[in-house]
Amino acid sequence: MLFRSAECNGEPQPRLSLSYVVPGATWRPEYDLRFSADRGAKTGPGKAELTVAAVVQQASGEDWEGVTLVLSTARPKLGAQAPYPAPLKVHGRKAGEDKVLVDALERREKLSGPASATVAGPEAAVLEDRGQSFVLTLPHKATVRADGRPYWLPVDVTTTPAEAKLVTVPKLRAHVYQLAVLKNPARYPLLAGTLHAYRGGSYVGDVQLEHKAPGEALEISLGIDDEIRVERKEVKDRDRQAGLLSSTKRLERAYRVRTTNNAT
């Protein structure tokens with residue numbers, strides 16, 4: 001391997017840092033949200049613990065043993081060299097021998113140039129603003145084997161005030177859902193990813209989290225409240241057409257919504 005000479009300012013043992021793009025390595029954000037309401041109430045204030053994690057996998061052929069991982073949202077410009085097509089050979093024949101005038105052959109797999117990457121570029125949460133990209137440095141050493149398996153690595157844990165509320169749409173569902181309402185407590189945006197939701201220490205399901213800026217409001221579904229049921233019944237559905245004395249058409253709709261609470 002060849003290196004260009006560098007000025008060492010007279011240091012007898014200079015330290016050099018080499019960076020390069022490694023194919024076959026990627027990561028994605030993942031989150032855990034644990035919500036607990038004050039005094040176990042269905043609605044009202046509570047607190048939420050948000051765990052930010054990174055799922056890293058790599059198949060570079062070299063194990064990463066006890067390394068410092070720096071996750072970035074930047075996408076390296078892979079394949080910057082333009083591909084060049086292979087030569088196109090055209091074979092001609094004398095007129096009258098047959099009806100084939102030109103026989104052309106082009107093999108796409110022979111196109112020269114760098115091979116395209118098979119692994120999507122990195123996407124993640126952020127910590128340090130670098131203009132159009134952000135980087136997040138893990139606060140601990142990590143080990144990621146070169147076996148292509150995903151490794152879950154915790155990045156940050158934050159506790160913040162939250163509020164529980166009940167939401168229902170009787171026209172669509174006969175269920176009442178509990179939501180945890182909070183603001184993004186992290187100093188960096190939360191990128192889109194999978195969030196595992198917990199309520200009172202119990203796992204309730206996965207939620208697809210959208211991109212959230214620091215301080216932006218979040219509403220996380222905590223599943224169905226089995227103790228409350230909602231029933232919607234139509235009691236009036238009548239249309240009054242326009243007549244001779246009036247050109248106004250009247251639509252009359254009426255519904256009755258019954259809520260049942262089976263909590264003890």
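Biologist: Thanks! Is K212 buried or exposed?
Modeller: K212 is buried, at 16% relative accessible area. Keep in mind that this is a predicted model.
Biologist: Where does K212 lie, and what does K212 touch?
Modeller: K212 lies in the loop between β13 (202-209) and β14 (217-240). Leaving aside residues up to four places away in sequence, K212 touches N184, P189, L190, A217 and L218.
Biologist: New topic: how many salt bridges does a search of the whole structure find?
Modeller: The search finds 13 salt bridges. One of them pairs K42 with E227, and their closest N and O atoms are 2.8 Å apart.
Biologist: Which parts does that pair tie together?
Modeller: K42 lies in the loop between β1 (25-37) and β2 (44-58), while E227 is in strand β14, so the pair ties together parts that are 185 residues apart in sequence.
Biologist: And how accessible is K42?
Modeller: K42 is partly exposed at 26% relative accessibility. E227 is partly exposed too, at 34%.
Biologist: Which residues are linked in a network of salt bridges?
Modeller: That network links K236, R238, R250 and E252. E252 and R238 meet at 2.6 Å, N to O. E252 lies in strand β15 and R238 in strand β14, so this pair ties together parts 14 residues apart in sequence.
Biologist: What about E252 and K236?
Modeller: They form a salt bridge as well, with the closest N and O atoms 3.8 Å apart.
Biologist: Is E252 buried or exposed?
Modeller: E252 is buried, with a relative accessible area of 14%, whereas K236 is partly exposed at 36% and R238 is partly exposed at 39%.

How values were computed. Residues numbered from 1 in each chain as written. Predicted model: local features only at pLDDT ≥ 70, side-chain atom pairs only at ≥ 80, totals over all residues. Heavy atoms only, no water. Helix = DSSP H or I, 4+ residues; strand = E, 2+ residues; numbered from the N terminus. Buried < 20%, exposed > 50% of the residue type's maximum accessible area, 1.4 Å probe, protein only. Contact = heavy atoms within 4.5 Å. Salt bridge = Lys/Arg side-chain N within 4 Å of Asp/Glu carboxyl O.
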